[in-house]
Amino acid sequence: MQSLKFLIANYIEVSENIKKLSPNTIKAYRIDLKQFASFTQNTLAKKDVIKRYIMHLNQQFAPRSVKRKIASVRAFYHELSINGILR
């Protein structure tokens, strides 16, 4: 399986160049997914780790920021699922 860093870089590239998402969205995805990768030690996380990550976010950030960070991770995992990387 490909590394999480590679998957994130590919996702960012597709979001920027193919989906043509706004620069602000791309910036947020970069930050949020980098933090997620750091928390998961650069591995694709299962549900239990994601739940711990959400608890961590709630302790560190304002609710609005937490929602955005969760949305970034959700969009990333959704794309992985669509592309058959997750089952």
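What share of the contacts in the protein with a separation of 6 or more comes from residues 24 or more positions apart? The figure is 57%. Keep that in mind as we go through the fold. One caution first: this is a predicted model.

Secondary structure next. We have 4 helices and 0 strands. Along the sequence the pattern reads α-α-α-α. The radius of gyration is 12 Å, and the globule rule gives close to that, 12 Å, for 87 residues, so the protein is as compact as a globular protein of that length. Along the principal axes, the C-alpha atoms fill a box of roughly 35 × 30 × 20 Å.

Now burial and surface. Of the 87 residues, 31% are buried. The accessible surface is about 6,200 Å². Carbon and sulfur atoms hold 54% of that surface.

Charges. The protein carries 16 positive and 5 negative ones. Their mean positions lie 6 Å apart.

You will find Lys69 in helix H4, which covers residues 63–82. Is Lys69 buried or exposed? Its relative accessible area is 3%, and the cut-off for buried is under 20%, so Lys69 counts as buried.

What does the side chain of Lys69 make a polar contact with? The partner is the side chain of Asp32, at 3.0 Å.

Over to you for discussion.

Conventions:
Residues numbered from 1 in each chain as written. Predicted model: local features only at pLDDT ≥ 70, side-chain atom pairs only at ≥ 80, totals over all residues. Heavy atoms only, no water. Helix = DSSP H or I, 4+ residues; strand = E, 2+ residues; numbered from the N terminus. Rg over C-alpha atoms; globule rule 2.2 N^0.38 Å. Buried < 20%, exposed > 50% of the residue type's maximum accessible area, 1.4 Å probe, protein only. Contact = heavy atoms within 4.5 Å. Areas by Shrake-Rupley, 256 points an atom, 1.4 Å probe, with all protein chains shown as cover. Lys, Arg positive; Asp, Glu negative; His and termini not counted. Charge placed at Lys NZ, Arg CZ, Asp CG, Glu CD. Polar contact = N/O pair within 3.5 Å; in protein donor to acceptor, adjacent residues only side chain to side chain.
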